[in-house]
Amino acid sequence: MGSKPASPRPLPRLYLSTPSIDDPQSLLGDLPALLAEADVAAVLLRLKPADPRTLISRIKVLAPAIQDKGAALLLEGHVDLVARAGADGAHLSGLEALEEALPTLKPDRIAGVGGLATRHDSMTAGELGADYVLFGEPDAQGHRPSLEAICERLQWWDEVFELPSAGFAGTLDEVGAFTAAGADFILAGDFIWTASEGPLAALRSAKEAIRKAHAAMPARAEAPQG
């Protein structure tokens, strides 16, 4: 019984989270350059509370700027608005929210999920039909697991499961760490928008951190053949 030669790992893709917005025009100046600068798989749109009509209007202003660049537009929650506003899917927090959202989103739209406290919760999310699992995002009180704990969870997931994982990077240093741990996507948090050098330069630094960490990784071993 032998093994296939190790194959190169795919480069993790960026997943860009917006600030919580009430004025979509504030993002329109930045988004085209950001999405042209790096391989951004998706944009997670976070919206400040408003009535449904206003929220749909905000989403529709931003959708072309995101989707025309080849990125998916996901809403943070607001499952009921995904189809009405022309979004590509939603990101949910916790198994209950995922289970409630799946009949609305599937089979045509993306259902991602975070808020998964245990390994068992993560596996259950995959069994339910999530399109990706997110590790490391802040909870409602702003608390996060340690860097080591997030990397451990990402590495375990990468070794065992085919379903894509995303690591929530709250700092530039975490981008490289989560790449090395085997994340398929790096969800770039607010540090992109609050960086003193501006969001474009911050995203460029994140892209470079992914490249460097990925270049230092061993190839992915293939399953034994017999």
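Trainee: Where is H78 found?

Mentor: H78 is found in the loop between β4 (72–76) and α4 (82–85), where helices (H or I, at least four residues) and strands (E, at least two) are DSSP runs numbered from the N terminus. The model is a predicted one, in which local features need pLDDT of at least 70 and side-chain atom pairs count only at pLDDT 80 or more, while totals for chains, interfaces and linings use all residues. Residues are numbered from 1 along each chain as its sequence is written, and side-chain values use heavy atoms, with hydrogens and water left out.

Trainee: Why is H78 called partly exposed?

Mentor: Buried means under 20% relative accessible area and exposed means over 50%, with partly exposed in between (1.4 Å probe, protein chains only). H78 has a relative accessible area of 27%, and is therefore partly exposed. The backbone of H78 has a phi near 55°, a positive value in a residue other than glycine.

Trainee: What is the omega of the peptide bond that joins K106 and P107?

Mentor: Omega is about 5° for the bond between K106 and P107, which is a cis peptide bond, and P107 has its place in the loop between α5 (95–105) and β6 (110–114).

Trainee: Why is F178 called buried?

Mentor: F178 has a relative accessible area of 0%, so F178 is buried. F178 lies in helix α8, and leaving aside neighbours within four places in sequence, F178 is in contact (heavy atoms within 4.5 Å) with residues including L147, I150, C151, L154, F168 and I186.

Trainee: Which residues of α8 are buried, and what covers them?

Mentor: In α8 (residues 172–181), the buried residues are E174, V175, G176, F178, T179 and A181. Their cover includes α7, β8 (165–169), β9 (185–188), α9 (191–194) and α10 (199–215). After α8 comes G182, with a positive phi near 105°.

Trainee: Why does D158 count as buried, and with which side chain does D158 make a polar contact?

Mentor: The relative accessible area of D158 is 14%, so D158 counts as buried; the place of D158 is in helix α7. The side chain of D158 makes a polar contact with the side chain of R9 at 3.1 Å, where the term requires a pair of N or O atoms within 3.5 Å, one able to donate a hydrogen and the other to accept it within protein, and where residues adjacent in sequence count only if both atoms are side-chain atoms.

Trainee: What makes the radius of gyration of the chain agree with that of a compact globule?

Mentor: The radius is taken over C-alpha atoms, and the globule rule is 2.2 Å times the number of residues to the power 0.38. With 226 residues, a compact globule would have a radius near 17 Å, and the chain has 18 Å, which agrees. Of these 226 residues, 46% count as buried, and the secondary structure comes to ten helices and ten strands.

Trainee: Among contacts between residues at least 6 apart in sequence, what share joins residues at least 24 apart?

Mentor: The share is 61% of such contacts in the chain.
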